[in-house]
Amino acid sequence: MPRNRKRPRRLIADGCAYLWTLRHSHSVGAGGRSCRETLTLHPQPAGTGGPLRIVFTEGPGRYVPGGAPLGSGDVGYTRGASLNLHEPGAVRALLDAASARGWQPEGRQVVEIDGWCLLEAAAAAHAGATG
């Protein structure tokens, strides 16, 4: 039975548990339609910290899946680092990069981070972890 992509997945990192989801959305602005991937990590048990949202918005030199030929969850620079946000190792690498920049699962407010500032460090860590 295939996994339901809308159901939260569990991740354990440094003794802490998280539930994570990935959502694709669109916005329409002056430049036309734009795709966006939002990775959300919820510290567990619920109430032990506010969610972390890591957002990747399409832009010049960057890609976010919007259909063929890109795979679901793929984000990256057209000439550089990339990750598949459906892979638990990629999610862990982004969580580690956010933590290295000071994010901690404390408080109750949602923290939103531009994923592009984390991508290169996370992609390098993920590549190192997968050999």
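Is F56 buried or exposed? In this predicted model, where residues are numbered from 1 along each chain as its sequence is written, local features need pLDDT of at least 70, side-chain atom pairs count only at pLDDT 80 or more, and totals for chains, interfaces and linings use all residues. Side-chain values use heavy atoms, with hydrogens and water left out. F56 has a relative accessible area of 0% and is therefore buried (under 20% relative accessible area is buried, over 50% exposed and in between partly exposed, with a 1.4 Å probe and protein chains only).

A search of the whole structure finds 3 aromatic pairs (rings of Phe, Tyr and Trp, the last by its six-membered ring, with centres within 6.5 Å; planes under 30 degrees apart are stacked, over 60 edge-to-face and the rest tilted). One of them joins F56 and W116 edge-to-face, at 5.1 Å centre to centre and with 90° between the planes. This pair links distant parts of the chain, 60 residues apart, with F56 in strand β4 (residues 52–57) and W116 in helix α2 (residues 116–130) (helices, H or I of at least four residues, and strands, E of at least two, are DSSP runs numbered from the N terminus).

W116 is likewise buried, at 6% relative accessibility. The rings of Y77 and W116 form a tilted pair, because their planes stand at 50° with the centres 5.2 Å apart. Since Y77 lies in strand β6 (residues 74–77) and W116 in helix α2, this pair ties together parts 39 residues apart in sequence. Y77 is buried at 19% relative accessible area, and ring pairs link F56, Y77 and W116 into a cluster.
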